[in-house]
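Let's take a walk through a protein assembly together, one step at a time.

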Amino acid sequence: MLDFNCSRRQFLGIFGGAAAVAGLGLAGCGGETGGTAAGSAGGSSTLTGTVTYDGASSFQALVEAAAEQFMAENPDVSITGSGNGSGTGLTAVADGTVTIGNSDVFAETKLDADQAATLVDHEVAVVGMGPVVSLNVTVDDLSLDQLKGIFSGEITNWSEVGGEDAEIHVLNRKSGSGTRATFEAAVFGAGAEESTFKGDAELDKSGDVQTQMGSTDNAISYLDFSHFDETKFKAIKVNGVDPTDENVTDNSFPIWATEHMYCQEDADEVTVAFLEYMLSDDVQGSLVEEQGFIPVSSMTVVKDAEGNVTEK
Amino acid sequence: MAKQMPKRSLEKVGLSVTGACVALVTLVVVALIVMVAQRGLSTFIKDGVDVLNFFTGTVWNLAVTDEATGLPFTGALPLIVTSFAVTIISTVIALPIAIGSAIYVVEIQPKFGQKYFQPLIELLVGIPSVVFGLIGFHVIVSAVRAIFNVEMGLGILPGSIVLALMILPTITTLSIDALRAVPDSYRQGSLALGYTRWQTIWHVVLKSATPSLMTAVILGMTRAFGETLAVRMVIGGVEAMPTSLIDSASTITTTLTTSMAVYATGSVQNDALWTLGLLLMGMSLFFILIIHLIGAKGAKSRG
Amino acid sequence: MANATAPAQDARIKRSMRNDKIATGILTVIVAIVMAIVVSMVVYILFQGVGQLFQPGFLTEASRSNGTEGGIAYQLFDSFYLLVLTLIISVPISLFAAVFLVEYAPDGPVTKIASTAIETLSSLPSIVVGMFGFLMFSVNFGWGYSLISGAIALTMFNIPILTRVITQALEDVPASQRDACLAMGLTRWETTIHVLIPAAMPAIVTGVVLSAGRVFGEAAALLFTSGMSSPARLNFLSLNFASPTCAWNIFRPGESLAVHIYKIYGEGSPEAQHIVWGTAAILMICVLLFNVLSRIAGKALARRMTAE
């Protein structure tokens with residue numbers, strides 16, 4: 001009896017050791033397995049594989065909605081991702097930690113030239129971005145110069161731009177944010193470096209800006225049109241022009257961005273298929289507008305990586 | 001099968017399996033230290049950032065290139081100052097409360113302490129840091145807004161309060177152990193001399209437990225210094241020299257969380273962030289060193 | 001002379017007595033405040049979040065719209081799966097490391113180096129462990145954001161805690177038991193496996209379950225390793241471990257409950273806020289359960305051991 005007990009425990013002990021070693025072995029060779037799983041999992045006609053994305057929070061809702069449709073049509077595909085900012089997305093796709101990087105800005109503006117050159121751009125939508133102010137602010141129109149003054153810290157009181165005597169609270173996004181880059185490029189002029197002025201807070205995501213704008217008086221920030229929420233804050237005119245989609249299409253409202261989805265040149269089949277789907281009529285025809293974005297096809301102007309706007 | 005193994009080889013198996021595990025852990029730690037140090041130091045060696053500028057510069061802005069050097073602004077002083085500010089303020093808040101509670105449950109109501117207070121404080125240890133952050137974001141920030149009549153309410157003060165709550169259980173539990181370790185004969189001697197209970201606590205118990213109490217405090221500070229997400233949720237995230245306790249600021253850890261994934265591995269910006277990581281690691285090694293020095297000098301701590 | 005000092009001494013005694021009373025009063029207030037804070041925190045979280053737990057679908061549906069709608073089913077699963085993976089890796093390593101430190105190399109340079117290494121690991125901020133895990137596993141090994149990267153990062157976080165607990169437990173086994181075994185001609189390995197580890201089992205189990213609570217709530221080390229998103233759908237019946245939709249695939253990204261809270265805490269919509277509080281409540285409940293469970297398991301095991 002005792003003998004049996006002993007050997008069983010002995011066995012357990014050795015088994016435990018073996019399990020630990022096996023665990024490490026598994027960890028060691030996992031890279032290859034992961035590679036094949038993520039890589040060329042397909043083969044037959046049915047598309048299988050995994051797509052991961054990261055990047056701009058401004059149009060994540062659009063990507064997610066498209067992904068839901070795409071997965072409904074391709075049951076063996078898994079698309080997953082998050083919105084941690086354009087800079088994060090571009091870095092992640094260049095490093096290979098995700099297969100698609102979403103960005104409000106051209107890859108060239110965030111990455112080294114040779115790194116950016118390995119990425120393939122897909123322009124999936126256009127979105128306008130505009131300044132938003134707290135509900136208690138009486139100002140409803142600001143010129144680009146006034147915005148420049150506010151976001152560079154030169155104008156600090158609402159009375160200087162025609163409002164009541166109250167300090168301006170500037171809510172910025174983190175420096176990796178594409179919304180911030182787009183907004184500053186439009187306000188400070190194309191090609192200008194990001195401002196060194198920091199404001200009263202730097203927030204991670206568009207959703208955080210919505211929340212903080214809703215609970216802070218005398219504040220100003222900027223958001224893309226799809227995140228506008230009249231119950232929490234007001235969107236204001238820029239140079240007297242309303243922030244509407246129509247005004248964006250001909251560049252009369254000057255702050256807007258093209259939404260880019262980047263993948264590696266040698267991206268796997270399923271990633272390419274999903275990006276093609278993003279550009280197909282299934283998404284461009286209806287979903288883009290449903291989610292509050294502007295199809296690229298309806299734009300009468302284009303913007304290049306340096307921020308120059310030209311007629312189409 | 002295993003039964004037939006000769007005893008000597010059985011012993012060898014045991015030694016090698018357990019030895020391998022220890023070696024593995026040691027190896028991982030060494031690899032981590034080397035890797036963090038290598039990446040962190042390459043900011044200075046490879047990218048040519050001036051060491052002095054890094055630690056004394058007051059402008060931290062990775063997105064903007066400094067015309068003078070052609071490198072991003074990597075003056076980490078604001079982050080370092082903020083990190084120390086939240087650590088020290090939170091310790092100052094938590095310390096009297098923690099030691100006071102420890103005295104109460106060891107010296108005044110030991111039964112109550114063991115039965116109710118300690119389980120309750122252990123419960124506080126278990127609460128995840130994001131939950132502390134969430135409460136800070138909703139309750140403490142609103143309170144700061146109301147009390148100081150400010151718009152944002154984010155900054156060092158709410159960060160310190162949240163951290164104080166988080167390190168309270170660490171310091172309290174360790175202080176309780178420290179006070180319990182004081183031999184009863186000290187107390188009896190003091191009481192027999194006609195000292196009151198408070199005099200006994202103040203002059204005898206606390207004095208003899210001082211080294212262990214200091215260890216407790218430093219362990220608390222280590223936790224405060226390295227805490228990340230709870231602070232991020234209430235501090236605002238502006239990387240500039242703090243001018244007041246209720247203005248948005250950013251610690252070393254919060255800057256790491258928000259910027260780490262943004263910059264590609266190998267870029268100057270990424271290296272600068274690793275230097276911050278190296279700084280964090282260096283500080284925690286420094287804290288350990290102090291604990292060892294205290295242990296070597298005074299009464300041997302509990303371990 | 002005695003008469004002259006008597007009133008002064010009386011006054012001093014009186015003052016001492018009064019100070020004693022004041023100090024006791026202050027301490028009582030402090031303890032009351034601490035207890036009030038702890039209780040109100042727990043009650044506040046549960047009050048805010050428990051209602052959400054009974055919303056249909058909250059615990060059984062996947063999240064939508066970047067976590068601001070839908071449920072938290074996959075986050076809940078991923079949290080437990082990460083925990084199990086972490087324990088599978090960290091328990092044997094910690095156990096054997098502790099055995100080595102206590103039984104094989106009690107004093108000497110090896111022990112000193114190893115315990116310094118473990119102590120260093122325990123003091124490292126979790127964000128540094130997360131950064132290391134990101135660079136090492138996600139980037140260098142090419143695993144990307146994956147559960148296994150996260151589990152290894154958590155292991156690094158867990159090993160020092162477990163090793164310390166197990167070392168303590170083994171050291172607490174009476175030396176007489178050890179001596180008796182060795183006297184009977186058992187090797188140290190046999191002694192450890194048959195006598196020491198079983199004797200230390202209650203303490204070990206308590207420690208493992210308590211550490212599980214810590215691991216369960218950890219978020220900073222996971223942000224860059226297992227990622228901030230869960231797959232949109234998982235197949236729990238699939239045994240194709242390479243499939244991205246297979247729930248058990250350790251190379252897929254995953255998001256723990258704590259990371260989920262961090263991801264959406266700032267989202268303003270009422271639904272997102274309900275989800276945040278609901279997630280916080282379930283996280284709290286799980287951690288409390290671990291806490292209670294560790295006591296019960298430790299006690300039950302101890303009772304069984306002594307009954308034998």
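**Where the chains meet**

In this predicted model, 61 residues of chain B are in contact with 65 residues of chain C; two residues are in contact if their C-beta atoms, placed from the backbone, lie within 7 Å. Which element of chain B gives the largest share of the side that touches chain C? Helix 1 of chain B does, with 19 residues. Other elements that give two or more residues to this side include helix 3 (77-108), helix 8 (197-226) and helix 11 of chain B. Helices (H or I, at least four residues) and strands (E, at least two) are DSSP runs, numbered from the N terminus. By class, the side of chain B that touches chain C has 39 nonpolar, 18 polar and 4 charged residues. Here Ala, Val, Leu, Ile, Met, Phe, Trp, Tyr, Cys and Pro count as nonpolar, Asp, Glu, Lys and Arg as charged, and the others, Gly among them, as polar.

A word on how to read the names and values. Residues are numbered from 1 along each chain as its sequence is written, while chains are lettered from A and ligands numbered from 1 in the order in which they are written. Since the model is predicted, local features need pLDDT of at least 70 and side-chain atom pairs count only at pLDDT 80 or more, whereas totals for chains, interfaces and linings use all residues.

Now zoom in on one place where chains B and C pack. Two packed helices are described by the angle between their axes and the distance between the axes. Helix 11 (residues 268-297) of chain B and helix 3 (residues 109-123) of chain C have axes 9 Å apart, at an angle of about 125°. Axes are lines fitted to C-alpha atoms, for helices over the stretch in contact, and angles run from 0 to 180 degrees between N-to-C directions. The two helices are therefore oblique to each other: angles under 35 degrees count as roughly parallel, over 145 as roughly antiparallel, 65 to 115 as roughly perpendicular and the rest as oblique. Helix 11 of chain B brings Ser284(B), Leu285(B), Phe287(B) and Ile288(B) to the contact, and helix 3 of chain C brings Glu119(C), Thr120(C) and Ser123(C). These residues divide into 3 nonpolar, 3 polar and 1 charged.

Chain B also touches chain A. That contact takes 25 residues from chain B and 33 residues from chain A. On the side of chain B, strand 1 (60-65) and helix 10 each supply at least two residues, and strand 1 gives the largest share, 5 residues. The residues of this side divide into 14 nonpolar, 8 polar and 3 charged.

Next, look at chain B as a whole. How many helices and strands does chain B have? There are 11 helices and 2 strands. Read from the N terminus, the order is α-α-β-β-α-α-α-α-α-α-α-α-α. The C-alpha atoms of chain B fill a box of roughly 75 × 75 × 35 Å along the principal axes. Of its 303 residues, 53% count as buried; a residue is buried if 20 or more other C-beta atoms lie within 10 Å of its own, exposed if 12 or fewer, and partly exposed in between. Among the contacts in chain B with a separation of 6 or more, 72% join residues 24 or more positions apart.

Pro78(B) is found in helix 3 of chain B, and Pro78(B) counts as buried because it has 22 C-beta neighbours inside 10 Å. Beyond its neighbours within four places in sequence, Pro78(B) is in contact with Thr58(B), Trp60(B), Glu239(B), Ala240(B), Met241(B) and Pro242(B).

Finally, a look at the records. UniProt, in an unreviewed entry, places the feature "domain: ABC transmembrane type-1" at residues 80-291 of chain B. UniProt positions are given in the numbering used here, feature names are shortened, and annotations may be inferred rather than shown by experiment. Over residues 80-291, chain B is 80% helix and 0% strand. For chain C, an unreviewed UniProt entry lists residues 80-105 and 143-162 among those of a "transmembrane region". Over residues 80-105, chain C is 96% helix, with the end C-alpha atoms 35 Å apart. Over residues 143-162, chain C is 80% helix, and the end C-alpha atoms are 26 Å apart.
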